[in-house]
Amino acid sequence: MNDTVLEQHSFGAEVGRLLDLVVHSLYSEREIFLRELVANAADAMDRRRFEALTDPALAPPADAKIRIVPDKDASTLLIADDGIGMTRQEMIDNLGTIARSGTRAFAQTLADAKAEDRPSLIGQFGVGFYSAFMVADRVEVTSRKAGSEEAWTWASEGSGQFTLASATREHPGTDILLHIKSDAGEYLEPMRLETVIRKWADHITVPITVQQDGKDQPANEGTALWRKSKSEVSEDSYKEFYRHLGHFFDEPWATLHWKAEGTLEYFCLLFIPGMRPFDLLDRDQGSDVRLHVRRMFITDKADLLPRWLRFVSGVVDTEDLPLNVSREMLQTTPVLARIRKALIGRVLSELKSRAKDAADYDKFWENFGGIVKEGIWDDAEHRQEIAPLLRFKSTKADGWVSLADYIGRMKEGQDTIYYLTGDDGLALKNSPQLEGFNARGYEVLLMSDPIDSFWPDRLDSYEGKTIRSVTKSSDDLGKDEEQPDISLLTAAMKAALGEQVADVRPTGRLSDSAVVLAPNAGQDLQMQRIMRRTGRAAMPIKPVLEVNPRHKLIAALSGKLDDAALVADAAQTLLDLAQVQEGDVPGDAAGFARRVTAMLARSLG
């Protein structure tokens, strides 16, 4: 570093806490720092090669590689690459990823996670660079962007602050210099470094060397694993590549490896994780499948799989695109469209096959079911193929239930698949919305993922059976059962409640509860609730208050119609109770509390 003035930068208060977690939570997995830094270097090399396709002046040297140089005397470890390099601003942005939005939530997730899950979380959140501080008490990064003469050095001791200063570097690329802690001396031993490289990075196609006795010795095989035949690849090799590719520490739930020949020729290696990634619910996250052309990395933004399969990672390597393929061409070429269709079909086929083993498939569904259901909403082309893969909790089963399971248990003459959506599975099981269906022996599917309020409208039916929310199915129950006439009471309650409700009407779908809410039209109750919470409800939709004519409270209230004040007070309290039953807060919570308190006082007096 030269003698120019240092720029002082701060990560902010909460990042110090996150750095502390990264450094101390993974003590038993310290070697992953090398995997993370080497993976970053390999990505930088791939990106420089790609940029050089359209700007040959950026081409890396013929002998481009990743060099690892331990220095026992200085207690330093150097990881140097001939990659794309970084500008001053890119160093602030890229090495400051840890300070992006979501840091607080991630820090809490990491703190709460089991010890064995923390390494996977580290890699998934993109803070793997900071794992360097597990073995180093100071990190210096000197980088020169390809195409630029300017270089900068970033330095930090992992305490929440970093410095920047202008520097020199003979060629484009990046040097990461780790000042190794006294208790991490093993990472200054060439043999130890080679062992870690072969374990975590053997399949990186960029040459990696470790310096020993002044000579750079090859440390990785550097073959494209996906281009080998399945018989040549061991399970351990698949696992190691999966972990390298996605920064995972678990084992893949499924591995799909094939070569396509014919009108299209490509190699494909896909993985379905065995563990749910940290940022899975981010719908802006696209496919995590990398596109290569003749072994060369092109992009990880080709959207080779739809968003409802965004948990799948892997590599597609094709012979049918030019190496200098442009981003515009990627969006329009029919080659990628055909590959994408084939990949979706292959994943769906794998899921269909694995679904035959219920216990095994349940593990997948608990991790990724909520994402797969997005395909019913988003993907009209594959909607009917996705439907048999869906699984649900149910009022008549302890485990997961398919739509086919439900249909196999339907009552004679039943032509509707009933479901109920909500925020919590346990609350759903106890919902008054189920009383009439339980009493008459109808099974109801219980759905608690946010997407469950939306996708049934797109599927509509399955094997000729209509799919309908129980909140919209009042007319299906009690049609032929004689009910006490409470028309005068419902009219009085509607008059008392005014514009708070669309209607007050009797219902035959209750057995124990006095009242229940029903949607007036269109969206069911849970969807309305979600729209309100997200601020997307255009205007309030008034509910219908349904009243149980057989309930003793309703019968008693029917005999008090001459006391208008009592009826009005009871109507408001019953509406508030119906809202509480649905997990909502009454419009006037304080008024509700006062009325309930007064009623308790009268009953005890």
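The salt bridges here number 33, where a salt bridge is a side-chain nitrogen of Lys or Arg within 4 Å of a carboxyl oxygen of Asp or Glu. This is a predicted model, in which local features need pLDDT of at least 70, side-chain atom pairs count only at pLDDT 80 or more, and totals for chains, interfaces and linings use all residues. Residues are numbered from 1 along each chain as its sequence is written, and side-chain values use heavy atoms, with hydrogens and water left out.

Helices (H or I, at least four residues) and strands (E, at least two) are DSSP runs, numbered from the N terminus. Of the 605 residues, 51% are buried; buried means under 20% relative accessible area, exposed over 50%, and partly exposed in between (1.4 Å probe, protein chains only).

Next, select Asp-46 and Arg-49. They form a salt bridge whose closest N and O atoms are 3.7 Å apart. Both belong to helix H2 (residues 32-54), and because they are three residues apart there, about one helical turn separates them. Asp-46 is buried at 8% relative accessible area, whereas Arg-49 is partly exposed at 24%.

Now select Asp-216 and Arg-67. Their side chains meet in a salt bridge of 2.9 Å, N to O. The pair links distant parts of the chain, 149 residues apart: Asp-216 is in strand E9 (residues 215-218) and Arg-67 in strand E2 (residues 66-71). Asp-216 is partly exposed, with a relative accessible area of 28%, and Arg-67 is partly exposed at 27%.

Move on to Arg-227 and Glu-319. What is the N to O distance in their salt bridge? It is 2.4 Å. Arg-227 lies in the loop between E9 and helix H7 (235-246), and Glu-319 in the loop between strand E14 (313-318) and helix H8 (327-332), so the pair ties together parts 92 residues apart in sequence. Arg-227 is buried at 18%, while Glu-319 is partly exposed at 28%.

For the last stop, select Thr-490 in helix H17 (residues 487-497). Thr-490 counts as buried because its relative accessibility is 8%. Leaving aside neighbours within four places in sequence, Thr-490 is in contact (heavy atoms within 4.5 Å) with Val-504, Arg-505 and Pro-506.
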